[in-house]
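Visitor: I would like a quick tour of this model. Let us take it by question and answer.

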Amino acid sequence: MSQTWRELLMTDHETTERVFSAAEKALAAPEGPSPGMVANLREYLVGYVDRCHNQKEEQTVFPLLQRAGLPVEGGPLAVMLAEHRQAKALVERIDGAAAAFVAGDRARLDDLRDAFGAYAALCKDHFWKENDILYPLAARMLDEATQAGIVPGIEAVEAALGPDTRRRYYRIADELVRAVELEDLSYGLDRQVLAAILNTLPVELSFVDEEDRVRYFSHERGEKIFPRSRGAIATNVRNCHPQKSVHLVEKILADFKAGRREVAEFWIDMGPRKVHIRYWPVRDEAGRYLGCLETVQDVSGIQRLTGQRRLLEEAA
Ligand SMILES: [Fe+2]
Ligand SMILES: [Fe+2]
């Protein structure tokens with residue numbers, strides 16, 4: 001179902017708040033954030049929050065409220081516009097400091113921290129006022145037909161900034177949030193070490209994201225139970241399964257996304273091997289579906305285990 005104008009704008013707020021918490025964490029780390037993370041943050045705040053989100057409001061909802069009688073010289077609309085101007089000035093400071101930081105000038109980190117801290121505090125307060133005061137006020141003041149015209153207006157502002165603007169920036173936001181989560185999870189291990197750990201697991205992993213695109217598989221080098229090629233990355237998972245089983249894949253993914261199922265498992269014989277294949281929904285801390293993990297394991301050796309072999313016996 002398509003979203004209403006309020007849902008669209010509030011999803012922008014929510015996405016931006018997630019970016020804020022990730023950036024706060026990364027900026028607070030003693031070693032500072034990675035240049036890649038700062039580049040993404042800069043792109044998202046300048047390109048999306050300032051040039052797109054605030055413009056969507058200033059070009060659609062705000063003028064409609066003004067036409068409906070809300071003054072721009074005082075009252076909630078004036079406050080919102082003044083905050084957009086303050087936010088713009090802070091975004092410009094972030095832009096300058098972030099560009100310098102990414103170019104290697106680490107001395108600008110404090111400047112970046114300061115500007116970002118002030119900006120995030122201002123925006124959080126601003127988003128709250130819009131979500132809880134201004135948007136409900138607009139919903140009361142504007143008739144249904146007028147409100148129905150806001151969504152195309154929002155889409156026009158986005159389209160003027162290039163194709164697929166919202167999705168493009170949401171992807172940057174996601175990348176940024178995930179990069180910080182990954183650092184959290186990896187206790188500062190670098191990506192290569194983390195990848196090597198995953199490649200050492202006695203289980204082959206494949207991951208498809210929330211849009212069902214293949215994003216990762218482990219054990220790229222070396223023998224695999226189900227060989228995969230790098231070409232599979234970014235393709236839809238439906239293209240990786242025989243036609244006759246696609247509807248089952250669809251069913252499992254739909255169940256995972258709807259929270260109806262926590263695992264789907266199969267086991268098959270491949271020559272002398274018993275292969276255990278399991279699919280797991282991957283969710284974030286808030287329970288949001290991030291994708292599906294496939295684990296493939298040769299369990300023949302495990303099936304044959306009897307008795308015990310203790311560490312000391314192994315060493316003997
Ligand atoms: Fe706003
Ligand atoms: Fe807003």
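**Between the domains**

Guide: Start with one contact in this predicted model. Arg167 and Glu211 join their side chains in a salt bridge, N to O at 3.4 Å.

Visitor: Which helix gives the most to the side of domain 1 that touches domain 2?
Guide: That side of domain 1 holds one nonpolar residue, no polar residues and five charged ones. Five residues of the side come from one helix, spanning residues 165-185. The top contributor is helix 7.

Visitor: What area is buried between domain 1 and domain 2?
Guide: Six residues of domain 1 are in contact with seven residues of domain 2. On the domain 1 side, Arg171, Arg178 and Leu182 lose the most area, together 61% of what that side buries. Carbon and sulfur atoms give 35% of the area buried between the domains. The total is about 570 Å².

Visitor: Which residue takes a positive phi in the hairpin of strand 3 and strand 4?
Guide: Strand 3 (residues 264-270) pairs with strand 4 (residues 273-283) in the antiparallel sense, over seven bridges. Trp267 stands opposite His276 of strand 4. Two residues lie between the strands. The residue with phi near 60° is Gly271.

Notes:
Residues numbered from 1 in each chain as written. Chains lettered and ligands numbered in written order. Predicted model: local features only at pLDDT ≥ 70, side-chain atom pairs only at ≥ 80, totals over all residues. Heavy atoms only, no water. Contact = heavy atoms within 4.5 Å. Buried area = accessible area lost by both parts, 1.4 Å probe. Salt bridge = Lys/Arg side-chain N within 4 Å of Asp/Glu carboxyl O. Helix = DSSP H or I, 4+ residues; strand = E, 2+ residues; numbered from the N terminus. Nonpolar A, V, L, I, M, F, W, Y, C, P; charged D, E, K, R; others polar. Pairing = 2+ DSSP bridges.
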